[in-house]
Amino acid sequence: MKTINVQEIIDQARFNGFHKLLVFWCFIMIVFDVYDLVVFGVVLPVLMEEWNLTPVQAGALGSYALFGMMFGAFIFGALSDRIGRKICIVICMLTFTIFSFLVAFSTGPASFGIMRFVAGFGIGGLMPNAVALMTEYAPKKIRSLLTTLMFSGYAVGGILAACLGIWLIPDYGWKSLFYIGTLPILLIPLIIKSIPESIGFLVIKNKKDEVQKVLKKIEPNFIPHSDDQYYIPGKTAKVNIGQLFSNGRLISTLMFWITFFMCLLMVYGLNSWLPKLMTKAGYPLGSSLSFLLALNFGAMIGAIGGGWLGDKFHLRKVLIIFLSIAAVSLFLLGFKGSTIALYVLIAIAGATTIGTQILLYTYVAQFYPMDARSTGIGWASGVGRVGGIVGPLLGGYLISMNLPFQYNFLVFAIPGAIGALAICFVSLKYAFKNSVQSNEHPNLQTQPVHPNT
């Protein structure tokens, strides 16, 4: 009989078809998850005109889905550590596709807000589980890159929403975008068949046959035996929020929460109000939506490039630099220049706000031990959603105050500087540290933490 360290096999595995398939499906899930979120910013100018909404009312309407996302992140982030990530992902996808479809039948702000709130449960619950699943199975050497590559679907979802808005709204109206948001429901059977369950969950539940099948896909040379025993260092069945604050992680956890709050404030404030801000500045609706396209295109470049830099250097350093650049680029957006310069600045802002948010999920997933990973991501994401709620509300108040153009962007630049400062206080010393000395990252025992942990 052999006792097999599952984490060691995953860490040392070579990238193969199993990983490609997992990256693909997680990418697709994130694309549609974010599409259903960002589409609000695309239709907002039309809704304000059709329903005679004030900027403050429109900001509140944008926050309903984010309230739902906050609760979804809290609930499904922690629940998946108990019932498995796969079933939580399926429940979340069903929730946001069904209720996003029902949004198209809204007759006014009240019914629209209710449907968006419930859809938000699924949108917010899927993200932490997809990130945790990808992080759990990615080989150690390319973990940051694969996770950010998967999460670049965030930017693609935003690009898809903006492109379809430019194309469909003039001829088919805003409701057509929500009809398209139902397409993911057709993919659910394929997703159920294709993605694996959390390996940590399978080990805890002692499902040896399934563990062996998954390990064989990860490492084709692995030869299982019927009497083998499997374990993951530090992995326990008991999961609670206290693990996020134990073993010296208190300050780092709070700093993650602050950074998530600030970053999501910028992300959802810009995604909700950028088209309207540009329309107010004199650009037609089609051009204003193209700015949203540039924002999300920049996000995709920032996420993938940041993941590559994180594997080469250090995710914390990359995050500090990105957040600092975000603050500067948003500040400069307030000063009107050439159209080309404006597009470049917006793309940089997308790379360092939305791109940074993607990197943050990756960093948090790598910071906590496996038994607290989904809980850590879920709580950071849930607390961050408060910032996401504040963002659209803040944008609505700014527009209603009729401030000079540059002040609107200055307000969104300040959170970037605060987030960069907060990340400086995240302590690598306690990354992955468990209540017992863990072999999940053996380098922690004898030398400083590896740059990618």
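Phe 40, Trp 51, Phe 112, Trp 174 and Phe 178 make up one aromatic cluster. The model is predicted, and a search of the whole structure returns 22 aromatic pairs.

**Aromatic pairs**

- Across the whole structure, the search for aromatic pairs finds 22. Phe 256 and Tyr 363 form an edge-to-face pair, with 5.4 Å from centre to centre and 80° between the planes.
- This pair links distant parts of the chain, since Phe 256 belongs to helix H12 (residues 250–280) and Tyr 363 to helix H15 (residues 339–367), 107 residues apart.
- Phe 256 has a relative accessible area of 0% and is therefore buried. Tyr 363, with a relative accessible area of 1%, is buried.
- The ring centres of Phe 367 and Tyr 368 are 5.2 Å apart and the ring planes stand at 85°, so this pair is edge-to-face. Phe 367 and Tyr 368 are both buried.

**Helix H2 against helix H3**

- Helix H2 covers residues 17–50 and helix H3 covers residues 55–83; the two pack at an angle of about 160°, and their axes are 11 Å apart.
- An angle over 145 degrees counts as roughly antiparallel, so H2 and H3 are roughly antiparallel to each other.
- The crossing in which H2 passes H3 is right-handed.
- On the H2 side the contact involves Leu 37, Phe 40, Leu 44 and Met 48; these meet Pro 55, Ala 58, Leu 61, Gly 62, Leu 66 and Met 69 of H3. By class, the H2 contact with H3 contains nine nonpolar residues, one polar residue and no charged residues.
- Phe 40 of H2 is one of the residues in this contact with H3, and Phe 40 is also a member of the aromatic cluster with Trp 51, Phe 112, Trp 174 and Phe 178.

**Helix H2 against helix H6**

- Helix H6 spans residues 143–151, and the axes of H2 and H6 come within 7 Å and cross at roughly 40°. That angle makes H2 oblique to H6.
- Val 23, Cys 26, Phe 27 and Ile 30 of H2 meet Leu 146, Leu 149, Met 150 and Phe 151 of H6. The contact of H2 with H6 has eight nonpolar residues by class, with no polar and no charged ones.
- H6 is mostly covered, with seven of its nine residues buried. The buried residues of H6 are Arg 143, Ser 144, Leu 146, Thr 147, Thr 148, Met 150 and Phe 151.
- Leu 146, Met 150 and Phe 151 are among the H6 residues that meet H2, and these three are among the buried residues of H6.

**Asparagines with positive phi**

- Asn 52 is not a glycine, yet has a positive phi of about 55°. Asn 52 sits in the loop between H2 and H3.
- The relative accessibility of Asn 52 is 64%, so this residue counts as exposed.
- Asn 206, also not a glycine, has a positive phi of about 60°. The loop that holds Asn 206 lies between helix H10 (199–204) and helix H11 (208–218).
- With a relative accessible area of 53%, Asn 206 is exposed; the cut-off for exposed is over 50%.

- Ile 185 is located in the loop between helix H8 (175–180) and helix H9 (188–194). Its relative accessibility is 35%, so Ile 185 counts as partly exposed.
- From C-alpha to C-alpha, Ile 185 and Met 93 are 7.2 Å apart in space, while in sequence they are 92 residues apart.
- Leaving aside residues up to four places away in sequence, Ile 185 touches Leu 94, Thr 97 and Ile 98.
- Leu 254 is part of helix H12. At a relative accessibility of 34%, Leu 254 counts as partly exposed.
- Leu 254 and Leu 53 are 201 residues apart along the chain, and 37 Å separates their C-alpha atoms.

Notes: Residues numbered from 1 in each chain as written. Predicted model: local features only at pLDDT ≥ 70, side-chain atom pairs only at ≥ 80, totals over all residues. Heavy atoms only, no water. Axes fitted to C-alpha atoms, helices over the stretch in contact; angles between N-to-C directions. Helix = DSSP H or I, 4+ residues; strand = E, 2+ residues; numbered from the N terminus. Parallel < 35°, antiparallel > 145°, perpendicular 65-115°, else oblique. Left-handed = near helix turned anticlockwise from the far one by under 90°. Contact = heavy atoms within 4.5 Å. Nonpolar A, V, L, I, M, F, W, Y, C, P; charged D, E, K, R; others polar. Phe/Tyr/Trp six-rings, centres within 6.5 Å; stacked < 30°, edge-to-face > 60°. Buried < 20%, exposed > 50% of the residue type's maximum accessible area, 1.4 Å probe, protein only.
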